[in-house]
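Reader: Please present the structure, and then let us discuss its charged and aromatic side-chain contacts.

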Amino acid sequence: MTAETDVTRCGFVAILGRPNVGKSTLMNHLLGQKLAITSRKPQTTRYQMMGIETRDNDQIIYVDTPGIHQDEPRALNRQMNREATSALRDVDLVVFVVDRTHWTEADANVLNKLTHLECPVMLVINKVDLMDNPDELLPHIEWLSTQRSFDEIIPLSALRSRNLDRLEECIRSYLPEGPHQFDADELTDRSSRFLAAEIVREKITRQLGDELPYAMAVEIEDFRQEGRTLHINALILVERHGQKKIVIGDKGSRMRKIGQEAREDMEALFDSKVMLHLWVKIRKGWADDERALRSLGYRDS
Ligand code: GDP
Ligand code: MG
């Protein structure tokens with residue numbers, strides 16, 4: 001080996017943007033592995049989470065963030081904003097994601113937070129697969145580049161994995177030299193228990209449509225390997241009796257569906273047979289209570 005090939009590079013890449021533009025989908029597809037949960041609901045991502053990709057001498061550490069919320073009436077929203085903003089400390093690069101030409105005040109708000117950043121900022125225009133009129137793209141790119149000077153502007157489709165190579169190549173070209181922060185086989189900074197809880201939360205979020213209680217959380221009570229089977233007990237916390245009934249569904253039909261879909265995702269992620277038990281419990285007022293949030297795994301930042 002020559003000295004040159006011994007140089008390792010490593011960087012933290014924060015993925016920022018308003019809710020629902022496709023940040024978590026982008027991270028999953030860049031990693032080629034579903035780590036972060038996604039859905040049409042704006043509140044899906046609550047926690048900051050790292051997704052790590054190590055290839056040869058390069059390590060890219062993506063930081064998926066909750067979208068930055070406009071109003072902060074409850075402790076849970078304030079916590080999500082802290083998670084999103086704290087991702088900006090110590091990053092080497094920012095990927096700012098927007099949804100096609102749908103520029104809103106919420107996007108401007110995120111852009112504002114980037115004003116004083118000195119690291120490179122790449123603008124990703126996501127969901128181009130949904131664009132009826134691709135001719136609108138160029139004028140919009142021109143307009144966006146008057147808002148800030150971006151180091152790259154890349155239109156792509158996270159969901160269809162279109163043009164992701166281009167983004168990855170750009171990210172690599174900006175990676176600073178430095179030692180790797182994680183082992184080559186590490187995929188995330190989060191524990192398996194955390195990932196399991198998130199999978200259950202995703203299934204509930206997707207199943208419940210508009211009935212989704214704002215204050216719903218999942219706690220893993222038991223997570224243990226016995227022989228070839230992973231036994232996982234998950235507790236679903238809601239605030240009211242009516243919400244409990246909605247989650248359970250008619251004769252337990254919804255719970256069964258949630259459990260089945262969650263188990264399938266867990267088996268794929270953990271590469272193991274999974275026995276999953278779900279329970280629903282009422283715990284009043286937890287989303288207003290900062291201490292209860294901390295005990296559920298929100299970081300105090
Ligand atoms: P986040 O809140 O920014 O993390 O957004 P998510 O990753 O949860 O995605 C929000 C919704 O947009 C989900 O329903 C995704 O499937 C969808 N989505 C994300 N990227 C794309 C894309 O490139 N094309 C299309 N058609 N849908 C996308
Ligand atoms: Mg997300």
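**Charged and aromatic contacts**

Author: R190 lies over the face of F194, 4.1 Å from the ring centre; a charge sits over a ring if NZ of Lys or CZ of Arg is within 6 Å of the ring centre and within 35 degrees of the ring normal. This is a predicted model, in which local features need pLDDT of at least 70 and side-chain atom pairs count only at pLDDT 80 or more, while totals for chains, interfaces and linings use all residues. Residues are numbered from 1 along each chain as its sequence is written, chains are lettered from A and ligands numbered from 1 in the order in which they are written, and side-chain values use heavy atoms, with hydrogens and water left out.

Reader: How many aromatic pairs does a search of the whole structure find?

Author: Rings of Phe, Tyr and Trp (its six-membered ring) pair if their centres lie within 6.5 Å; planes under 30 degrees apart count as stacked, over 60 as edge-to-face and the rest as tilted. The search of the whole structure gives 5 aromatic pairs.

Reader: What is the geometry of the pair Y47 and F194?

Author: The ring centres of Y47 and F194 are 5.1 Å apart. Their planes stand at 80°, so the pair is edge-to-face.

Reader: How far apart in sequence are the parts that Y47 and F194 tie together?

Author: Y47 belongs to the loop between α1 (23-31) and β2 (49-55), whereas F194 belongs to helix α6. Helices (H or I, at least four residues) and strands (E, at least two) are DSSP runs, numbered from the N terminus. The pair therefore ties together parts separated in sequence by 147 residues.

Reader: Is E202 buried or exposed?

Author: Buried means under 20% relative accessible area, exposed over 50%, and partly exposed in between (1.4 Å probe, protein chains only). The relative accessible area of E202 is 0%, so E202 is buried.

Reader: How many salt bridges does a search of the whole structure find?

Author: One of them joins the side chains of E53 and R55. The search of the whole structure finds 21.

Notes
A salt bridge is a side-chain nitrogen of Lys or Arg within 4 Å of a carboxyl oxygen of Asp or Glu.
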